[in-house]
Amino acid sequence: MTQRYVVAIDQGTTSTRCILFDQDGRLASVAQREHRQYYPRPGWVEQDAVEIWRNVDRIVPRALRDAGVSAEQIVALGVANQRETAVVWDRHTGIPVGRAIVWEDIRTEDLVRELEKAPGADKVRERCGLPLATYFTAPRLRWLLDTTPGLRDRAERGDVLFGTMDSWLIWNLTGGVDGGSHVTDVTNASRTMLMNLATLSWDDELLAFFGVPRAMLPEIRPSTEIGGVSRRVVPGIRIAAALGDQHAALFGQTCFARGETKCTYGTGSFLLMNTGHELVRSTHGLLTTIGYQIGGDPVNYALEGSIAVTGSLVQWFRDNLGLIGTAPEIETLARTVEDNGGCYIVPAFSGLFAPHWRSEARGIIVGLTSYITKGHLARAVLEATGWQTREVVDAMNADSGMGTTALKVDGGMTADHLLMQFISDVLDVPVMRPMVAETVSLGAAYAAGLAVGYWPDLEGLRRNWHVAARWLPHMDTGHRESEYANWKRAVELSFTWGRPKISK
Amino acid sequence: MPGPIQAIERAAAVLQLLARGRLGLGDIAASLNLPKGTAHGILRTLRTVGFVEQDRTSGTYRLGAALLHLGTSYLDANELRSRAINWADALAARSGEAVRIGMHLEGNVLVVHHVFRPDDTPQTLDVGALLPLHATALGKVLLAYDATVAGPLAQRRLVSFTRRTIIAPAELSRALGEVRSRGWASEAEEYLPGEAAIAAPIRGHGGLVLGAIGVSGAVDRVLDGSQRPRVGLVAQVRDAARAVSRDLDDTG
């Protein structure tokens, strides 16, 4: 019998990956390409959607070739993507209107402050589950409509389309200008601030509040009912699922039951807890979002603690400071010293996300003395990820009323043992990495495979989950608490430093 | 006897030129009287092995980090783990056994990566642990492909861990010869009673052995009825080693 596979495309913030999985959830091949980041002004982050599409066009055939697999052996394709990044393109030419504006971009800071004062602002969070912040898509879409001449008219006529990366890729895969399907999944839609969390459809009041024409929006579908068959790249593959990357990771970690939680360590880090069919509203600075939706079933909601800067701090340390040659070398450098030497880095590059939601916060390095070496800085870089995790875990425990007893982790940074040990130490719980660290891709593959019956049910997927590594806490309580207190003081300083301009 | 290889001479000249400072492609080609296409080909190759780096904004070339570290370590241990993690996971999932990756460190095998046996039983991470070179499959791979590792070991008395540990230098030398001819190593109760292991080399640019990846587990699972390493398991280990090597070569 011919072996069959599911293919996942993980369109991430810094790179796009294509991974083939077999029926046991084992990885058969990987192809990857990075794309360029543009920083035209401080706080602005852009990407070229065409470059990303071209990368998909290259890596999918390569992944098939590396595994020696033909298109006929692929039963389904699933897409997972960086969330909240906005692409607007011309329906007739397929050409994007400017560059994609990335989720880390904070150009809408002033706009968000204005929107906070606009009538109806108090209803936004209740309708979409998200606080007004530069992080989400609607303000950046509004910014594009306001600043691009003629764009609003074209949007109202339906000549230009809006989408997050899932929509952009699926539209292109299914034919582009030649009848491409303009859809998004419910998890991605839940990050735009335009979808009503209870009705799962575009909300008229939110559209009016943000001034976004309905004609440019994609159709919202369940995560496993995307519909459509690829007509480009590798034609004839069923596009069966799409999820935002963090939702895909929740699925890939098989967090199917209420209370199950995972944290994915990538460019940013994202802790999600499945709250079942119950829509839980956070009182501790977390987001309410959609976990996933399988077919016509009711959605599974989730609580999310989003951390903007974790892996990207390591990249900054590598690219902007040049203290290491590759990201994994941060561990080598950090191990040249015993501790942080009293130094703390708060990476509030785009303000601070959960649980603070302070757009005005700015990054700081504190505790510098002549004793501090680059080794201490490397420690402080890694510890920043640990303490930010602690903050969102504390919020999650407070909101859910459940105490975290262990943390399931995934993502590229889980290769860093010093960091994983530190996270276990500061949370005082075991940290577990599953056998497949590529959980985002795995989740997209699982959802796609489930949609076409390649996997029968959730229980079958659960059986594929195994522990690959486990770190146990062994930090002394007194030390942990005093370090946490120092971190909190540093966070306070990042608020004061980034104090908004006083308007006269 | 064949004469000197022109491409290597030209590459050496490019490196000597860059040792004086950063230069653009045009300057390099002009200085060495080479067509731009030829100079670019040489620079591209030197970049893939890390001997040359290109500045992202100006496009100029300079000597690369790999050249500066020549003679110290070839590859950062954490870098190797990060690159190998997917393949080590896949090997553990396929084989059902624990996976370790080892590099040489001062006469020992340093465990740089460890994936649990996928049966969810309690297991302890031993990343950072040191294992004996002569008594483990990982160690035999490292010894077989690196004379600078094997040489000093020949001067030392080999420690016996079980009654099966190879401690006679001649016997070890024969075993290492076999590793080289087969392309993989094994060990049966030579380190821990009841355990056996299989390992294969991880290679970087030009085939340089940088480390070893392998599985270990209960003797009856790793060996077949005639006490030889199971053929299927050997193939899985070698596939994983090749996949990691390909990854290192692709993006190095």
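Is V233(A) buried or exposed, going by its C-beta neighbours inside 10 Å? I looked that up before anything else.

**Ground rules**

This is a predicted model, where local features need pLDDT of at least 70 and side-chain atom pairs count only at pLDDT 80 or more, while totals for chains, interfaces and linings use all residues. Residues are numbered from 1 along each chain as its sequence is written, and chains are lettered from A and ligands numbered from 1 in the order in which they are written.

V233(A) counts as buried, because I find 20 C-beta neighbours inside 10 Å. For my notes: buried takes 20 or more other C-beta atoms within 10 Å of a residue's own, exposed takes 12 or fewer, partly exposed is in between, and C-beta atoms are placed from the backbone. V233(A) sits in the loop between β10 (219-221) and β11 (239-244) of chain A. Helices (H or I, at least four residues) and strands (E, at least two) are DSSP runs, numbered from the N terminus.

I checked phi too: V233(A) has a positive value of about 65°, though it is not a glycine. Most residues other than glycine have a negative phi, and most peptide bonds are trans.

N33(B) has a positive phi as well, about 60°, and is not a glycine either. I found N33(B) in the loop between α2 (25-32) and α3 (36-48) of chain B. N33(B) is exposed, with 8 other C-beta atoms within 10 Å.

Then I looked at a peptide bond: A354(A) and P355(A) are joined in cis, with omega about -5°. P355(A) belongs to the loop between β16 (344-346) and β17 (364-366) of chain A.

**Chain A as a whole**

I get 16 helices and 20 strands for chain A. Its radius of gyration is 22 Å, close to the 23 Å that the globule rule gives for 504 residues, so chain A is as compact as a globular protein of that length. (The radius is taken over C-alpha atoms; the rule is 2.2 Å times the number of residues to the power 0.38.) Along the principal axes, the C-alpha atoms of chain A fill a box of roughly 65 × 65 × 45 Å. Buried residues are 57% of the 504 in chain A.

Chain B splits into domain 1 (6-68) and domain 2 (77-251), with bounds from an automatic or database domain assignment. Their centres, over C-alpha atoms, are 37 Å apart.

How many residues does each chain bring to the contact? Chain B brings 19 and chain A brings 22; contact means C-beta atoms, placed from the backbone, within 7 Å. Helix α5 (residues 77-95) gives the most on the chain B side, with 11 residues.

**Two crossing helices in chain B**

The axes of α6 (residues 137-144) and α8 (residues 169-182) of chain B come within 9 Å and cross at roughly 85°. That makes α6(B) roughly perpendicular to α8(B). Axes are lines fitted to C-alpha atoms, for helices over the stretch in contact, and angles run from 0 to 180 degrees between N-to-C directions. Under 35 degrees counts as roughly parallel, over 145 as roughly antiparallel, 65 to 115 as roughly perpendicular, and the rest as oblique.

From α6(B), I noted K140(B), V141(B), L143(B) and A144(B), which meet A175(B), L176(B), V179(B) and R180(B) in α8(B).

Terms used
Contact = placed C-beta atoms within 7 Å.
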